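Please consult the sequence and the structure before reading each solution.

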Amino acid sequence: MFIKKCLVIFCCLIFVTLCSKAEVTPLKAENNAYRHNNLGLMYLEEKYYFGAIKEFQIAIDLLPNSQATATYYMNLGKTYEAIGYYNLAQPCFEKALSINVLCFDYYLKLAENYKHLGILDAKLIEFKNKKDSPLNNIMIGLIYIQKGHVTTGITILDDFCDKEKNLLITTGVKEYIKSITN
């Protein structure tokens, strides 16, 4: 009986010693969000849209206040568009743009989404009434282009480029103008 008690105590001491030496690696939300986004992209490529939506949403929930989250919102919006839910894609694109206002592709995707929803006229009025940021002129120009008024849209975008030469987004606007004028 005494030997059993000694053996149990000895085993407990070894167990406690081993457990105290184990390293605990903290979970990093950023890494997990990145992995969920990549899994969502794989699902999207495989046309498993439900899984892609869930993975992008998990990535957003893990990292809600990061510039990388704008990409997750864009991927979620693109997934909704792939299944024809343009109304669900719209807030995703708008949120992505609000997180990263200097990515031209986000403006372009949002303008295309407005066209699919048939709300170009209403959005044009809305953006014309917003005078708080010169970046609104990008959306105004893109909306004109989506409406078929290409010359007007290019003029507005070109004027933006002349006034805002030092912004990072200006390069993307210039490349877009070049791509549609060639």
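**Exercise 1.** Which residues are linked in a network of salt bridges?

*Solution.* The model is a predicted one. In this model, salt bridges join Glu94, Lys123, Glu126 and Lys130 into a network. The count of salt bridges comes to six.

**Exercise 2.** Determine whether lysine 109 and glutamate 81 are buried or exposed, and where each one lies.

*Solution.* Step 1: a salt bridge joins the two side chains, with an N to O distance of 2.8 Å. Step 2: lysine 109 belongs to helix 6 and glutamate 81 to helix 4 (residues 68-82), so that distant parts of the chain, 28 residues apart, are linked. Step 3: lysine 109 and glutamate 81 are both buried, a class that requires under 20% relative accessible area.

**Exercise 3.** Describe the salt bridge between lysine 163 and aspartate 159.

*Solution.* Step 1: the N to O distance is 3.3 Å. Step 2: both residues lie in helix 9 (residues 150-163), and because they are four residues apart, about one helical turn separates them. Step 3: lysine 163 has 60% relative accessibility and therefore counts as exposed, whereas aspartate 159, at 35%, is partly exposed.

**Exercise 4.** Classify the packing of helix 6 against helix 7.

*Solution.* Step 1: the angle between helix 6 (residues 104-117) and helix 7 (residues 120-129) is about 135 degrees, and their axes are 8 Å apart. Step 2: helix 6 is therefore oblique to helix 7. Step 3: Ala111, Tyr114 and Lys115 of helix 6 meet Leu120, Lys123 and Phe127 of helix 7. Step 4: by class, this contact has four nonpolar, two charged and no polar residues.

Terms used: Residues numbered from 1 in each chain as written. Predicted model: local features only at pLDDT ≥ 70, side-chain atom pairs only at ≥ 80, totals over all residues. Heavy atoms only, no water. Axes fitted to C-alpha atoms, helices over the stretch in contact; angles between N-to-C directions. Helix = DSSP H or I, 4+ residues; strand = E, 2+ residues; numbered from the N terminus. Parallel < 35°, antiparallel > 145°, perpendicular 65-115°, else oblique. Contact = heavy atoms within 4.5 Å. Nonpolar A, V, L, I, M, F, W, Y, C, P; charged D, E, K, R; others polar. Salt bridge = Lys/Arg side-chain N within 4 Å of Asp/Glu carboxyl O. Buried < 20%, exposed > 50% of the residue type's maximum accessible area, 1.4 Å probe, protein only.
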